[in-house]
Amino acid sequence: MLTLTSPVETPLHGVRAGVKLAALCGFTVVLFWLKNPISFALAALIPFSMIASGGPVFARHALRMLRPLWPFLVLLALWHWWTDDLAQGATITLRLISAVAAANLVTMTTRLSDMLAVIEVLLAPLARFGLPPRRVALTFALVIRFIPVLAGRLTQITEAFTARSRRKPRWRVLVPATLAALDDADHVAEALRARGGAG
Amino acid sequence: MERNLTHIALFAALVAVLGLVPPIMLGSGVPITAQSLGIMLCGTVLGARKGALAVLVFLALVAVGLPILSGGRGGLGVFAGPSVGFLLGFPIAAFVAGLVMERWTAPVGLAAGVGAALGGVIVLYAFGIPGMAVMLGKTLPEAALLIAAYLPGDAIKVVLAALITRGIAQMRPGALLSRP
């Protein structure tokens, strides 16, 4: 399962994950708080200058990750053109893109293992309430391992349905798919118990 | 205890897989996906607590950088975008759906449908609309107007959640964990 981390090495890749996350929180708060248009515009352009400094491949990856926003941008453009409030529209649009770009920047420059380590640290206080970090790590690993398995199972079920029926497979394939998830959970639990439990 | 862990993990994986089912694109940006159907199923099949935990695990993996949100999205960027309210409402939606299933003694299909409607639509939108309003700089009624186009799709999903949960209860009576 591929993650969204960029293979292109940038200086940000070396910064610690916790530092980047804290900086992201701070940046987002500042972005929503600044009212002066000049300082807002300068702040909003920071993530883009950082993206540009990563090189063309990195920048293309960053732009691709911004693509899901395009319907909202079109919507905002139309809305604010209709209400004759383009300045406000531009502010909202820039703020949205900048916040998302900054967050994507952290995702693109942080390895999965480092992010999981941050989660472990954040969940450490819950250990006394019966949530040992090893169990959380095991849960994450199981999800990652089983996504392709369940996807393959869903494809199999869909193909079996297509082979047996003239109609196109719709929601009915989800009943055996959900049962497959339940059965797999039982089998994996047995396997875990045989190996000494999840604790 | 291991069973709890694996149920949570496998259903988090199921929500991720349902995000791979191609969405039907509509007007203002939030696509009609099968993923919120998965959220409803987490609640109606696993129950309130485990369903919510499964969804939380799913969200944690999205945040950590896996592209498992519908459309191959993922990473922290999606929590900075307009659908952040919906994402944060997902676990609570599953919890409410599961709560209805567990506490109400109506037949499985009916309880699942009402649970999916209360949790997967009403509670979810209660989180999603304010989130969208903040991120897009609109008022609550304006954001509600934008979202209204998705209600028919979600109404269908509520019915599907009820049918699927009832199907599981009929085929494997003991498997429905919200109604042991």
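This report walks through a predicted model of two chains, A and B, from the layout of chain A to the meeting of the chains.

## Reading the model

Because the model is predicted, local features need pLDDT of at least 70 and side-chain atom pairs count only at pLDDT 80 or more, while totals for chains, interfaces and linings use all residues. Residues are numbered from 1 along each chain as its sequence is written, and chains are lettered from A and ligands numbered from 1 in the order in which they are written.

## Chain A: domains and a loop residue

Let's start with chain A, where the domain assignment gives domain 1 (11-122) and domain 2 (132-194); such bounds come from an automatic or database domain assignment. The C-alpha centres of these two domains of chain A are 35 Å apart.

A:D84 sits in the loop between helix 4 (70-82) and helix 5 of chain A. Helices here are DSSP runs (H or I, at least four residues), numbered from the N terminus. A:D84 has a phi near 60 degrees, a positive value in a residue other than glycine. Is A:D84 buried or exposed? With 7 other C-beta atoms within 10 Å, A:D84 is exposed. The cut-offs are 20 or more other C-beta atoms within 10 Å for buried, 12 or fewer for exposed, and partly exposed in between, with C-beta atoms placed from the backbone.

## Chain A: helices 3 and 5

In chain A, the axes of helix 3 (residues 56-66) and helix 5 (residues 86-108) come within 10 Å and cross at roughly 125 degrees. Axes are lines fitted to C-alpha atoms, for helices over the stretch in contact, and angles run from 0 to 180 degrees between N-to-C directions. Helix 3 of chain A and helix 5 of chain A are therefore oblique to each other; angles under 35 degrees count as roughly parallel, over 145 as roughly antiparallel, 65 to 115 as roughly perpendicular and the rest as oblique.

Helix 3 of chain A brings A:H61, A:A62, A:M65 and A:L66 to this contact, and helix 5 of chain A brings A:I97, A:V100, A:A101, A:N104 and A:M108. Contact here means C-beta atoms, placed from the backbone, within 7 Å. By class, the contact of helix 3 of chain A with helix 5 of chain A has 7 nonpolar, 2 polar and no charged residues. Ala, Val, Leu, Ile, Met, Phe, Trp, Tyr, Cys and Pro count as nonpolar, Asp, Glu, Lys and Arg as charged, and the others, Gly among them, as polar.

## Chain B: helix 5 and its partners

Over in chain B, the axes of helix 2 (residues 35-46) and helix 5 (residues 108-136) come within 10 Å and cross at roughly 120 degrees. That makes helix 2 of chain B oblique to helix 5 of chain B. The residues of this contact in chain B divide into 4 nonpolar, 6 polar and no charged.

B:L124 belongs to helix 5 of chain B and is buried, with 26 C-beta neighbours inside 10 Å. Beyond four places in sequence, B:L124 touches B:F86, B:G89, B:A93 and B:G119.

B:E102 lies in helix 4 (residues 84-103) of chain B and is also buried, with 20 C-beta neighbours inside 10 Å.

## Where the chains meet

How many residues of chain B are in contact with chain A? There are 49, and they are in contact with 53 residues of chain A. Helix 1 of chain B gives the largest share of the side of chain B that touches chain A, 14 residues. That side has 33 nonpolar, 12 polar and 4 charged residues.

Note on methods:
Helices (H or I, at least four residues) and strands (E, at least two) are DSSP runs, numbered from the N terminus.
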